[in-house]
Amino acid sequence: MVSDILRVRVSELAARFNGEVEENLGELELTVDGRYILEALTDAKNFADVPCDFLHDLCGMDLGDHLEVVYQLSSLRGPQRLRIIARVERDNPVINSVTQIWKGSDFLEREAFDMFGLQFRGHPNLKRIYMWDDFEGYPMRKDYVIESHEQRAVMRVRKEGE
């Protein structure tokens, strides 16, 4: 059950950032343009009566025509939960890093970069976390072309320093 106070605060955020609010599986979802993500997350973290101050997870999503970054928030002081979704252009997937708000988002943003090609502006160490450095493409994107069995069978030689 979503509290009335949280519903009011999220509606105010939606009005400020021209966002959309809906309830899905008992949680509020706020969808905003990626340009406003730092402000929206900072405001949500600092809600007066119902702060959503804990980042549980951050992940990328490919919806075909655009990408999204999904932030799962809850509170260390109450039962409230909130999902904030930032829409990002597919051709220019750049969004501000939230490491200045939550240091723990470091590896989560690196994973989204590695799998979806999302560029987190201001990230302190944005580099691949799963795939090797010269890996081409982003395997979780819908336009990623899977290699043939012959290509995958070729042994990759580890470079000096890896």
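Me: Where in the chain is the place of P139?

Reply: P139 sits in the loop between β7 (119-121) and α4 (149-153). Helices (H or I, at least four residues) and strands (E, at least two) are DSSP runs, numbered from the N terminus. The model is a predicted one, in which local features need pLDDT of at least 70 and side-chain atom pairs count only at pLDDT 80 or more, while totals for chains, interfaces and linings use all residues. Residues are numbered from 1 along each chain as its sequence is written, and side-chain values use heavy atoms, with hydrogens and water left out.

Me: Is P139 exposed, partly exposed or buried?

Reply: Buried means under 20% relative accessible area, exposed means over 50%, and partly exposed lies in between (1.4 Å probe, protein chains only). P139 has a relative accessible area of 24%, so P139 is partly exposed.

Me: Which residues is P139 in contact with, leaving aside its neighbours within four places in sequence?

Reply: Contact means heavy atoms within 4.5 Å. With neighbours within four places in sequence left aside, P139 is in contact with D114, M115, M131 and Y144. As for W102, P139 is 37 residues from W102 in sequence and 26 Å from W102 in space, C-alpha to C-alpha.

Me: How are two packed helices described?

Reply: The angle between the axes and the distance between the axes describe such a pair. Axes are lines fitted to C-alpha atoms, for helices over the stretch in contact, and angles run from 0 to 180 degrees between N-to-C directions. Here, α1 (residues 4-17) and α2 (residues 37-45) pack at about 160°, and their axes are 11 Å apart. Angles under 35 degrees count as roughly parallel, over 145 as roughly antiparallel, 65 to 115 as roughly perpendicular and the rest as oblique. Therefore α1 and α2 are roughly antiparallel to each other.

Me: Which residues of α1 and α2 meet?

Reply: From α1, L13, R16 and F17 meet E39, A40, D43 and A44 of α2. The residues of this contact divide into 4 nonpolar, no polar and 3 charged. In this division, Ala, Val, Leu, Ile, Met, Phe, Trp, Tyr, Cys and Pro count as nonpolar, Asp, Glu, Lys and Arg as charged, and the others, Gly among them, as polar.

Me: What is found at T42 in α2?

Reply: T42 belongs to helix α2 and, at 32% relative accessibility, counts as partly exposed. T42 and S74 are 32 residues apart in sequence and 13 Å apart in space, C-alpha to C-alpha.

Me: How many residues has the largest nonpolar core?

Reply: In soluble globular proteins, nonpolar side chains tend to be buried together. A nonpolar core is a set of buried Ala, Val, Leu, Ile, Met, Phe, Trp, Tyr and Cys residues joined through side-chain atoms within 4.5 Å. The largest one here has 39 residues, and L41, F47, Y71, L73, L82 and I84 have the most contacts inside it. At least two residues of this core come from each of α1, β2 (27-33), α2, β3 (54-62), β4 (66-74), β5 (81-89) and α3 (105-116).

Me: Which value of phi does N18 have, and which does L25?

Reply: Most residues other than glycine have a negative phi. N18 has a positive phi near 55°, and N18 lies in the loop between α1 and β1 (20-24). The phi of L25 is also positive, near 55°, and L25 is in the loop between β1 and β2. N18 counts as exposed at 71% relative accessibility, and L25 counts as exposed at 81%.
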